[in-house]
Amino acid sequence: MPTIHHRTCHICEANCGVLVEIEGRKVLSIKGNPDNPLSRGHICPKGTALQDLQEDPDRLRNPLKRVGTEWHKISFAQAFSEIGEKVRAILGKDATASAIYVGNPNAHSYGNALNAGFLEKALRTKNKFSASTVDQMPHQVANLRLWGHASMFPIPDADRTQTLVILGGNPMASNGSLWTVPDFRARMRDLKARGGKLVVIDPRRTETAKIADKHLFIRPASDAFLLIALLKAVMANGPLQPVQDFVTGLDAVATLLDRFDAAACADACGVALDEIKALAGRFTSGPAVLYGRMGVATQGNGTLNAWLISLINIASGQLDREGGWVFGRPAVDTVTMLPPGSIGKFASRVSGHRSVLGEFPAAAMAEEIETPGEGQIKALFVVAGNPVLSTPNGARLATALDSLELMVSIDIYRNATSAHAHYILPPSGPLERDHYGLFLLPMAARTIAVYSPPTLPQEDGTLHDWEILRGLAHAISGEPVQAPTPREALDGMLRAGPYGLTLEQVEAAPSGIDLGPPPIGQLPERLRTKDKRVACDVPEFMEALAALQLPAAKPESGLRLIGRRHLRTNNSWLANSKRLIKGPDRCTVMIHPDDAEARGIADGAQVTVRSTAGAIALAAEVTGDMMPGTVSIPHGWGHALPGVAMANALGKPGVSVNDITLTEVDPLSGNAALSGIAVEVEAA
């Protein structure tokens with residue numbers, strides 16, 4: 001007899017409520033849950049991929065050990081024993097020779113999040129890398145400096161605003177990022193119904209731009225100049241409501257901005273000054289909010305951009321105000337439970353990158369493996385990550401991985417990265433684990449508490465991800481982990497949260513407990529700064545702004561590269577979903593018709609895209625959706641590599657854009673500067 005199970009889809013940040021129909025261990029259907037207060041019945045194509053991941057014959061069910069080029073199934077007991085022995089031998093020669101890389105799916109597994117630290121402690125390593133430094137680290141550095149906590153993310157109050165401006169973000173494809181906002185299309189319909197406007201600024205006419213009231217092209221990696229001009233215009237107009245007394249330093253920022261000519265900034269970014277001034281008028285005449293995401297973060301001025309975005313929201317009187325730049329008040333408040341974060345405690349061995357939130361740039365991982373000497377990485381643990389495809393100059397990293405004495409991947413697939421490992425330890429299937437949106441619900445457009453128990457019983461002989469982490473920690477250190485289970489820890493965190501809930505109460509409401517919209521008036525009490533103030537004139541940001549120079553001349557005639565994502569993909573980890581890879585080729589290089597004609601390139605033709613790092617070949621997609629002088633290639637592709645055992649992905653492998661990206665970083669955050677790289681495109 002079929003049964004219906006309530007669950008949260010944990011694949012992307014939207015955390016949509018779904019109803020999973022099960023008979024035995026077979027998934028019959030996955031549909032949106034109309035009673036979920038946050039997602040309201042919305043489901044995107046990725047939600048149905050839960051079934052593909054669970055039932056995929058390529059998903060690993062047993063630990064694998066590689067001997068030469070051959071893979072052998074072994075038990076977890078054998079894997080733990082051998083790995084522990086090898087790590088101790090390596091660290092006995094050099095105690096600093098280990099490292100850990102944590103991939104994006106860890107943010108979607110509260111069990112992993114609560115237990116990865118045990119493995120780090122057992123390794124006693126300072127060499128931590130993660131997907132954060134090819135993603136959101138500039139936002140977290142700005143959070144730390146402005147609000148006093150790296151995880152205190154402000155979000156747009158989209159359900160109550162009159163103007164939403166999106167810079168370098170595409171919620172129609174992402175369902176929100178650092179902003180949990182499912183059913184974005186319906187929310188924008190509501191915005192327009194109440195007389196509001198959506199404005200998108202992006203080098204590509206994205207899926208979000210196509211539903212906007214206005215789309216403005218911007219030159220790649222020139223966002224800082226747009227933001228400077230917009231901030232100057234906002235300050236000239238004055239705030240909609242008085243800026244709060246706990247905000248300081250805006251006058252000092254305004255003085256520093258005097259060195260920039262607004263018209264020159266407009267020329268540099270390619271957005272007309274009249275358009276910038278019109279936007280400023282929206283910010284100072286009604287509830288309005290500016291949101292920037294991936295496009296503003298993955299460039300050399302990523303942290304400056306994140307800071308300037310908040311300053312615009314602050315200076316216009318929109319901070320902590322209805323319809324503006326607000327903060328969630330989640331049932332599990334990670335801001336009060338986690339350390340705020342630190343910057344500069346350590347420096348990387350080869351290039352001297354400062355640590356940011358305990359991490360070094362992912363872009364520096366290859367050099368730390370390649371470069372001989374004390375501290376050279378000899379043992380690497382990759383936890384649910386695929387850095388060969390997701391970090392800069394992936395081909396270089398792939399070569400470096402083969403030089404490791406020990407590599408261990410915790411992963412459900414033999415993918416482009418785990419294929420280099422000596423051991424692959426697969427966790428239980430995605431529907432066999434419980435779920436709580438520990439890091440994502442704090443950024444939700446509407447506050448809810450919702451817990452998903454396992455939909456299916458755990459298969460015999462498997463371990464959950466958190467059990468694998470504890471098993472490795474025990475095997476390496478010789479000391480068993482003494483800590484509550486994730487479920488027990490979650491109950492304690494709920495009890496300690498602002499609503500005093502228990503896990504029993506949350507579990508009794510399978511569609512979620514509705515805790516309302518983000519509350520207004522939380523500041524200054526919610527701030528984690530020592531003096532409960534927001535100091536806008538952050539010294540290192542002010543220094544960087546003072547050093548920023550306008551381009552000396554018009555942009556050169558070459559092409560600039562940006563990335564993109566699609567609703568049916570999620571980085572590299574849905575590539576083996578048979579239903580999501582259906583349809584046309586999505587790994588193409590988008591190019592404007594004028595740029596294509598100048599190079600003799602026809603739509604659909606094979607082309608070579610070349611940078612100083614390398615070259616890739618793929619099909620051209622000629623489209624007026626691109627700003628002239630700009631091309632776009634999606635990330636997360638390039639699966640046709642030795643050792644990969646993912647049949648569906650190998651049927652549509654695409655190419656990896658990270659084979660032509662560079663290892664340059666934003667110096668304030670260590671985030672990879674992936675946008676605006678100079679490339680050339682030529683007929684193959």
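**Cavities, salt bridges and aromatic contacts**

Colleagues, I begin with the lining of the largest cavity, whose residues divide into nine nonpolar, five polar and one charged. In this classification Ala, Val, Leu, Ile, Met, Phe, Trp, Tyr, Cys and Pro are nonpolar, Asp, Glu, Lys and Arg are charged, and the others, Gly among them, are polar.

The model before you is predicted: local features need pLDDT of at least 70, side-chain atom pairs count only at pLDDT 80 or more, and totals for chains, interfaces and linings use all residues. Residues are numbered from 1 along each chain as its sequence is written, and side-chain values use heavy atoms, with hydrogens and water left out.

**Cavities**

A cavity is a set of points, on a 1 Å grid over the protein atoms alone, where a 1.4 Å probe fits but cannot get out; its lining residues have an atom within 4 Å of a point. Points are joined across faces, edges and corners, and the volume is the space filled by probe spheres set on them.

How many cavities of 30 Å³ or more are there? The count comes to four. The largest cavity holds about 140 Å³ of space. Its lining comprises 15 residues, and those nearest its centre are His 139, Asn 143, Pro 154, Gly 292 and Trp 325. Two or more lining residues come from each of α4 (137-147), β13 (288-292) and α12 (302-315). Of the elements, α4 gives the most, with four residues. Helices (H or I, at least four residues) and strands (E, at least two) are DSSP runs numbered from the N terminus.

The second largest cavity has a volume of about 90 Å³. Among the residues that line the second largest cavity are Arg 568, Asn 571, Leu 580, Arg 586, Trp 637 and His 639. The lining of this second cavity divides into five nonpolar, five polar and two charged residues.

**Salt bridges**

I turn now to charged pairs. A salt bridge is a side-chain nitrogen of Lys or Arg within 4 Å of a carboxyl oxygen of Asp or Glu, and the structure holds 30 of them.

Consider Arg 160 and Glu 322, which form a salt bridge with their closest N and O atoms 3.8 Å apart. This pair links distant parts of the chain: Arg 160 lies in the loop between β8 (154-156) and β9 (163-167), and Glu 322 in the loop between α12 and β14 (325-327), 162 residues apart. Burial is judged by relative accessible area: buried is under 20%, exposed over 50%, and partly exposed in between (1.4 Å probe, protein chains only). Arg 160 counts as partly exposed because its relative accessibility is 22%, and Glu 322 is partly exposed at 48%.

Another salt bridge joins Asp 625 to Lys 210, with the closest N and O atoms 2.9 Å apart. Asp 625 sits in the loop between β28 (615-622) and β29 (630-632) and Lys 210 in the loop between β10 (197-201) and β11 (214-216), so this pair ties together parts 415 residues apart in sequence.

Arg 446 lies in the loop between β20 (435-436) and β21 (447-449) and Asp 514 in strand β23 (residues 513-516), so the pair ties together parts that are 68 residues apart in sequence. Arg 446, at 25%, is partly exposed, and Asp 514, at 39%, is partly exposed. Elsewhere, salt bridges with shared partners join Arg 25, Arg 59, Arg 61, Glu 432 and Glu 459 into one network.

**Aromatic contacts**

Finally, the rings. Rings of Phe, Tyr and Trp (its six-membered ring) pair if their centres lie within 6.5 Å; planes under 30 degrees apart are stacked, over 60 edge-to-face, and the rest tilted. The whole structure contains six aromatic pairs. Trp 179 and Phe 184 have ring centres 6.1 Å apart and planes at 85°, so this pair is edge-to-face. Trp 179 is buried at 0%, and Phe 184 is buried at 2%.

Trp 307 and Phe 541 make a tilted pair, 5.5 Å from centre to centre with 55° between the planes. Trp 307 belongs to helix α12 and Phe 541 to helix α20 (residues 539-547), so distant parts of the chain, 234 residues apart, are linked. Trp 307 is buried at 0%, and Phe 541 is buried at 0%.

Ring pairs also link Trp 179, Phe 184 and Tyr 291 into a cluster.

Note on methods: On a 1 Å grid over the protein atoms alone, a cavity is a set of points where a 1.4 Å probe fits but cannot get out, and a pocket is an open set with protein on both sides within 12 Å along at least five of seven lines; lining residues have an atom within 4 Å of a point.
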